[in-house]
Amino acid sequence: MTGRRALLAVPVLLAVTFGVFAIAAASPFDPVKAYAGAAGLTASQENLDQIRHNLGVDQPLLARWWDWLTGALTGDLGDSASLRAPVSQVIGERLGWSVLLCALAFVVAVLLGTVLGVLAARWRGGMFDRTVTGAAYALEAAPPFWLGLLAVWLFALKLGVLPAGGLTDTGSSTATAGQIARHVLLPALVLAVSQLPWFVLYVRQGVGDALAEDPVRGARSRGLRERTVLLQHALRSGLLPVLTLIGSRVPELITGALLVETVFSWPGIAAATVQAATSVDFPLLAALTVLATAAVLVGNLLSDLLYGLADPRVAFDG
Amino acid sequence: MSARSIRGVAAAALATTLALGAAACSTPSDGTGAAGPKDSAVVGIAYEPDSLSPLLGYGKDGNSKIFDGLLTHDADMKLEPALAAKLPEISDDGRTYTYTLRKGVEFSDGKPFTADDVVFTYRTILDAKTNNASKAELDAIRSVEKKDDHTVVFHLKYPYAPFAERTVLPIAPEHIAGKQDVNNGSFTTHPVGTGPYVLTRWSKGEKLTFKANPHYWGGAPEVKNFTMAIIKDDDVRATRLRSGDLDGAILPPNLAAAFKSAQDKKTYTAKTFDYRNVTLPSANPVTGAKAVRRALDLAVDRDAMVKGILNGAGKPAYGPVPTDSPWFAKGTERPHDLKQAERILDDAGWKKGPDGIRKKGGQRASFTLWYLSGDKLRQEHALAFASDAKKAGIEAKVESGTWEVIEPRMKHDAVLAGGGSPADPDFDQYLLLHSSLAGDGFNNMSRYRNEKIDRALVDARRTDDHDRRKAGYDTVQRALEKDPAYIFLTHIDHLYVVDDKWRVPGEKGLTTQVEPHDHGLASGPWWNVEDWQPKK
């Protein structure tokens with residue numbers, strides 16, 4: 001199954017990158033203006049035309065895409081015009097920080113979501129359940145950047161206990177583990193909280209349904225302890241939908257990270273993405289899109305594999 | 001197991017979560033080092049450079065912390081030697097500039113600085129393959145050559161009086177920058193120069209950190225660590241300044257006012273050439289009409305704009321040259337005079353219609369005025385201008401957009417524009433007014449043509465006789481009074497709030513230069529951070 005999925009990914013990735021080039025070409029933004037910045041406001045037309053030629057953006061859409069594609073296949077991702085550096089270097093410098101942030105947020109969201117969801121399912125309809133479910137619905141509607149601003153206001157401005165942004169303290173020039181840990185806390189928590197509702201609600205639903213199913217009722221009637229019933233039987237089948245969710249949350253996590261990173265000036269891949277998009281930086285934009293698409297495809301593949309492992313009834317090549 | 005023990009598990013989980021949170025909360029916050037060491041300074045700025053390579057335009061107006069130019073500006077914007085040992089020798093015909101270089105200067109990697117580096121820097125910038133959007137500023141250069149290791153000669157295409165002002169641009173090391181892709185190589189982010197500071201880290205979108213160059217030819221700076229934090233939002237900058245996270249920051253007038261009474265902080269007001277004006281496209285039948293231009297020039301209430309929009313931090317502008325500059329032509333100030341404006345319009349046949357808007361031969365006195373969306377200062381200027389114009393019977397329909405939206409409309413619609421470059425009067429006036437640049441990119445946006453002004457501009461740039469230059473720019477300014485090319489509104493002061501713990505030798509506190517439109521990295525009181533000393 002894995003091999004076939006990988007083959008399927010090829011046309012998807014091709015279509016996505018071409019789409020990026022086509023949409024960017026149709027946008028009213030001028031990459032040369034973006035490149036020149038303030039200097040462009042006094043530059044001569046001849047000068048701007050020369051830069052347009054140097055950047056290769058006077059080529060037709062298809063030619064630019066083909067150039068980029070053939071370059072990428074030989075390992076040359078091109079140069080980012082907006083960040084004035086090779087694309088591979090831009091991604092290499094930033095990807096790690098984004099992965100750190102997302103991984104932390106994801107682990108917290110999955111663990112906390114499962115715990116809260118199981119507890120809510122255990123006492124369905126009770127006080128705890130109603131509070132958690134209500135909060136989850138409210139959070140579902142709250143955009144991550146708004147949560148981020150709220151967190152900055154509370155923890156950084158009002159309480160003054162956590163830094164408002166950045167990777168390290170403003171005055172420091174080296175990145176120590178302790179500083180990074182302190183700085184990652186707030187953005188990771190905000191990202192985790194923004195992902196939390198889906199896990200809570202799915203787990204609650206899954207475990208709640210499982211508790212009402214025959215095998216669980218059977219287990220209960222055999223006189224097994226409540227804890228065994230809940231953790232061994234109900235949780236196991238109740239977690240199946242969560243496994244699917246893990247895969248499908250990946251795109252949401254990426255867009256969430258995009259906004260959270262911007263709010264907290266986290267030097268991850270998101271800031272580069274935003275800059276690439278607004279300055280029509282084709283090579284960077286295309287590479288980042290391929291990366292995001294690949295993450296989504298891998299996420300889906302992963303959740304299917306997990307599903308198969310957790311439930312033997314699911315055939316791998318069904 | 002019973003429900004009770006599940007509750008136990010849950011409680012434990014919750015307690016762990018809370019404990020984690022609490023631990024985080026109780027971590028001492030070391031970001032608030034207001035009483036930090038005096039050899040470190042952290043300042044908040046609003047803009048980030050795209051690149052740190054002088055070959056791509058970084059630091060072209062001088063004052064880069066990492067690099068030096070051949071020349072530099074002192075506090076009064078007078079030229080003084082930097083990498084050159086003295087000011088250049090200029091040939092009698094004004095077309096040959098000879099620079100003798102300072103000896104014994106090293107780049108921060110220990111390699112010597114020579115004439116080769118100077119020639120390399122200028123030749124690379126002028127190379128068509130280099131993506132430098134400011135290279136037109138070096139248009140006058142025909143060639144640059146090395147005479148010996150410590151002498152460089154520039155040959156110009158035409159005599160160009162302000163040429164020496166252009167040689168403040170930073171010199172890049174050939175042995176590093178010459179060995180890589182000029183547009184995308186690692187030098188663009190990891191620069192090596194001869195300057196007082198060495199870049200230690202550039203976290204894009206977050207900050208630039210520098211440490212003092214102990215071998216700096218001008219003496220090692222006393223501020224050993226210098227950080228520029230990039231904080232785009234004005235309010236966040238003010239908050240982080242108040243919390244002690246920053247030692248200084250640029251702030252808009254209303255936020256700077258809040259620090260007026262702070263004992264440990266000082267506010268610095270930098271005079272500028274930073275103007276806001278309204279373009280008057282000559283192709284538009286309304287803004288192209290001389291009577292309308294003259295009337296608008298008298299109808300705008302500049303004093304009210306300075307007071308209302310700038311909180312007093314600025315001054316009325318009648319042209320690109322600020323009223324307190326020695327290049328300003330005294331007597332060309334135009335006081336607010338609505339009556340005279342109406343008289344001019346009446347005499348020219350623009351009669352008021354029933355809706356209060358004037359008309360002439362079926363042409364309604366109405367045009368569109370664009371401003372850059374998101375720029376609050378420009379928005380307020382545009383609205384104030386429209387309201388003043390309306391009193392004279394001229395309608396300016398204010399709209400906002402990005403440059404992508406505005407640019408295709410610049411030929412027919414007015415734009416609330418900005419600019420300003422203090423080093424030489426030629427820099428602003430030639431680009432704004434000369435007819436050969438009409439509609440060339442963002443130059444001469446009004447597409448203004450005035451033979452008298454064209455002649456005066458060329459005369460003034462081709463002589464280095466100060467009196468003749470002054471006479472030329474006086475002619476330009478007086479001609480503009482009779483036939484305005486733009487409606488100049490204000491010159492805007494830049495405000496900075498800085499901890500009062502440093503001083504510059506010979507001064508009570510810190511100093512500022514006259515600043516350009518761009519808020520470059522090196523504007524503000526930290527323009528000479530290498531000279532700062534801890535206050536006794």
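In chain A, 73% of the contacts with a separation of 6 or more are between residues 24 or more positions apart. This is a predicted model, so please hear every value as computed from it.

Staying with chain A: there are 13 helices and two strands. The C-alpha trace spans about 85 × 55 × 35 Å along its principal axes. Chain A has 318 residues, and 45% of them count as buried. Its accessible surface is about 14,800 Å², with 68% of that belonging to carbon and sulfur atoms.

Now the surface patches, beginning with the nonpolar one. It covers about 850 Å², and its members include F145(A), W146(A), L149(A), W153(A) and L259(A). Which element gives the most to this patch? That is helix α7 of chain A, residues 144-158, with seven residues. W146(A) sits in that helix. Its relative accessibility is 44%, so W146(A) counts as partly exposed, between the limits of 20% and 50%.

Next, the charged patches. The negative one draws on both chains: E46(A), D49(A) and D58(A) gather on the surface with D139(B). D58(A) is in a loop of chain A, between α3, residues 45-55, and α4, residues 61-73. With a relative accessible area of 40%, D58(A) is partly exposed.

The positive patch is made by four residues of chain B, namely R95(B), R142(B), K157(B) and R462(B). Of these, R462(B) is located in helix α13 of chain B, which runs over residues 451-462. R462(B) also has a relative accessible area of 40%, and is partly exposed.

Where is G401(B) placed? It belongs to strand β19 of chain B, residues 395-401. Is G401(B) buried or exposed? It is buried: its relative accessible area is 7%, and the cut-off for buried is under 20%. Leaving aside residues up to four places away in sequence, G401(B) touches W370(B), Y371(B), L372(B), S373(B) and I406(B). As for N311(B), it is 90 residues from G401(B) along the chain, and their C-alpha atoms are separated by 26 Å.

To go back over the patches: seven residues of the nonpolar one come from helix α7 of chain A, the negative one includes D139(B) alongside residues of chain A, and the positive one includes R462(B).

Terms used:
Residues numbered from 1 in each chain as written. Chains lettered and ligands numbered in written order. Predicted model: local features only at pLDDT ≥ 70, side-chain atom pairs only at ≥ 80, totals over all residues. Heavy atoms only, no water. Patch = residues over 30% accessible without salt bridge, like charges linked within 9 Å, V, L, I, M, F, W, Y side chains within 5 Å. Areas by Shrake-Rupley, 256 points an atom, 1.4 Å probe, with all protein chains shown as cover. Salt bridge = Lys/Arg side-chain N within 4 Å of Asp/Glu carboxyl O. Lys, Arg positive; Asp, Glu negative; His and termini not counted. Charge placed at Lys NZ, Arg CZ, Asp CG, Glu CD. Helix = DSSP H or I, 4+ residues; strand = E, 2+ residues; numbered from the N terminus. Buried < 20%, exposed > 50% of the residue type's maximum accessible area, 1.4 Å probe, protein only. Contact = heavy atoms within 4.5 Å.
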